[in-house]
Amino acid sequence: MRIQYNKLWKILIDKNMKKVDLKDVAEISSNSIAKLSKNELVRMDVLMKIATALDCKVEDLFETVKEKEDENV
């Protein structure tokens with residue numbers, strides 16, 4: 001399984017926000033934004049800060065998807 005933050009990017013589009021705006025309002029690092037952009041894992045406290053800043057639930061920010069190798073299992 002891997003994680004995708006497409007839901008987060010859709011929320012930003014809906015709120016007319018850029019990644020730099022998210023960084024500032026959620027008070028997270030540029031490194032965290034870079035990891036999110038690459039669909040890499042980030043700490044739960046980063047996701048909590050984002051959810052609080054965007055007034056949503058943590059589960060509204062991401063989804064998990066099966067990788068091709070996992071589909072055969």
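This is a predicted model: local features need pLDDT of at least 70, side-chain atom pairs count only at pLDDT 80 or more; totals for chains, interfaces and linings use all residues.
**View 1. The whole chain, before zooming in.** The C-alpha atoms fill a box of roughly 40 × 25 × 20 Å along the principal axes. Of the 73 residues, 30% count as buried. Take the contacts between residues at least 6 apart in sequence: 60% of them join residues at least 24 apart.

**View 2. Tyr 5 meets Phe 62.** Search the whole structure and you'll find one aromatic pair. Tyr 5 and Phe 62 make it edge-to-face, with 6.4 Å from centre to centre and 65° between the planes. Tyr 5 comes from the loop between strand 1 (2-4) and helix 1 (6-14), while Phe 62 comes from the loop between helix 4 (44-54) and strand 2 (63-65), so the pair ties together parts that are 57 residues apart in sequence. Tyr 5 has 1% relative accessibility, so it counts as buried.

**View 3. Helix 2 packs against helix 4.** The axes of helix 2 (residues 19-26) and helix 4 are 9 Å apart, at an angle of about 100°. That's why helix 2 counts as roughly perpendicular to helix 4. On the helix 2 side, look for Leu 22, Val 25 and Ala 26; they meet Lys 49, Ile 50, Ala 53 and Leu 54 of helix 4. Sorted by class, this contact has six nonpolar residues, one charged and no polar ones.

Terms used. Residues are numbered from 1 along each chain as its sequence is written. Side-chain values use heavy atoms; hydrogens and water are left out. Rings of Phe, Tyr and Trp (its six-membered ring) pair if their centres lie within 6.5 Å; planes under 30 degrees apart count as stacked, over 60 as edge-to-face and the rest as tilted. Helices (H or I, at least four residues) and strands (E, at least two) are DSSP runs, numbered from the N terminus. Buried means under 20% relative accessible area, exposed over 50%, partly exposed in between (1.4 Å probe, protein chains only). Axes are lines fitted to C-alpha atoms, for helices over the stretch in contact, and angles run from 0 to 180 degrees between N-to-C directions. Angles under 35 degrees count as roughly parallel, over 145 as roughly antiparallel, 65 to 115 as roughly perpendicular and the rest as oblique. Contact means heavy atoms within 4.5 Å. Ala, Val, Leu, Ile, Met, Phe, Trp, Tyr, Cys and Pro count as nonpolar, Asp, Glu, Lys and Arg as charged, and the others, Gly among them, as polar.
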